[in-house]
Amino acid sequence: KNNILHFFVPLCFVASAMDSNNEDIISLSRIMSDYKFLKRLLWNEFIFDERKDDVEEVNDVLAYLLGRGLIVPVQREGQLWIEVKVKGKAKLKAFAGMIHNYLESCWIVLRGCLYLKKKPLTERDWLKKIHSLGDRMFQKGEVLRAESLSQSNYVNVIRFLEDAEFIAAVKEEKGEKKEIHYFLTENRAEREVLRRRLFKFL
């Protein structure tokens, strides 16, 4: 799935931005902002074409959707907005759904950060708790895709959180063994912004 999905990632990001919008019309600036957010969030999941910048990728997707008759460009007060046509909604939802499991994995791990509030945990112990949390969320219907309960997805989200400095890692040596302990950083406000922004895509 991942190998095929790489060809559709820009389209999936744009579709997710449009699908998460409550109205039939969305500003180009909002699409760009959501595109950059999703690309950063899922950077460890996909291989991106570094020969193209974000603006070029979004414009290519919009040109494709326009050619298919799924969207219509609209000018409002000197800004470009995109209106999603009725027949475009279902097709865009399908493309957005292709990355939904990755977003659900992010949501599970972000919820799992609560386990680090009391004390640092080893990578192994934390992943165990994340797995249990994901299973419970899936059983309750809070997570819809079984593919979201993926160890590799969880690890990639942890890498993102560490790169973004929402969590930090300390290596401890116990004899010949080296263990990684994770703990929360002081970036609580930024974590809350991430939580709220991610939730709108779920």
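Which residue forms a salt bridge with Asp 24, and how far apart are the closest N and O atoms? The partner is Lys 89, and the closest N and O atoms are 2.7 Å apart. Asp 24 lies in the loop between α2 (9–19) and β1 (25–27) and Lys 89 in helix α5 (residues 86–97), so the pair ties together parts that are 65 residues apart in sequence.

This is a predicted model, in which local features need pLDDT of at least 70 and side-chain atom pairs count only at pLDDT 80 or more, while totals for chains, interfaces and linings use all residues. Residues are numbered from 1 along each chain as its sequence is written, and side-chain values use heavy atoms, with hydrogens and water left out.

**Salt bridges**

A salt bridge here is a side-chain nitrogen of Lys or Arg within 4 Å of a carboxyl oxygen of Asp or Glu. By this rule the count comes to 13 salt bridges. Three of them are set out below.

| Asp 24 | Lys 89 | 2.7 Å |

Asp 54 lies in helix α4 and Lys 36 in helix α3, so the pair ties together parts that are 18 residues apart in sequence. Asp 34 and Arg 30 both lie in α3 (residues 28–41), four residues apart, about one turn of the helix. An α-helix has 3.6 residues a turn, so residues three or four places apart point the same way. Arg 30 and Asp 34 also belong to a network of salt bridges with Arg 197 and Lys 200.

How open are these side chains? Buried means under 20% relative accessible area, exposed over 50%, and partly exposed in between (1.4 Å probe, protein chains only). Asp 34 is buried, at 0%. Asp 54 is buried, at 15%, whereas Lys 36 is partly exposed, at 44%. Asp 24 is partly exposed, at 40%. Lys 89 is partly exposed too, at 38%.

**Helix α3**

Helices (H or I, at least four residues) and strands (E, at least two) are DSSP runs, numbered from the N terminus. The expected span of a helix is 1.5 Å times one less than its number of residues. The 14 residues of α3 should span 20 Å, and the end C-alpha atoms are 20 Å apart, which agrees. Buried residues in α3 include Ile 31, Met 32, Asp 34, Tyr 35 and Phe 37. Leu 38, Lys 39 and Leu 41 are buried as well.

**Loops and surface**

Which residue has a positive phi of about 50° although it is not a glycine? That residue is Glu 77. Glu 77 lies in the loop between β2 and β3 (79–84). Glu 77 is exposed, with a relative accessible area of 85%. Glu 165 also has a positive phi, near 65°, and is not a glycine. Glu 165 sits in the loop between α8 (151–163) and β5 (167–174). Glu 165 is exposed, at 53% relative accessibility.

Another loop residue, Arg 68, lies between α4 (54–67) and β2 (71–76). Arg 68 is exposed, with a relative accessible area of 53%. Together with Lys 85, Lys 87 and Lys 91, Arg 68 forms a positive surface patch. In such a patch, residues have over 30% relative accessible area and no salt bridge, and like charges are joined within 9 Å.

Methods
Patches are made of residues with over 30% relative accessible area and no salt bridge: like charges are joined within 9 Å, nonpolar side chains (Val, Leu, Ile, Met, Phe, Trp, Tyr) within 5 Å. Accessible areas come from the Shrake-Rupley method with a 1.4 Å probe; for residues, only the protein chains shown count as cover. Lys and Arg count as positive and Asp and Glu as negative; His and the chain ends are not counted. The place of a charge is taken as NZ of Lys, CZ of Arg, CG of Asp or CD of Glu.
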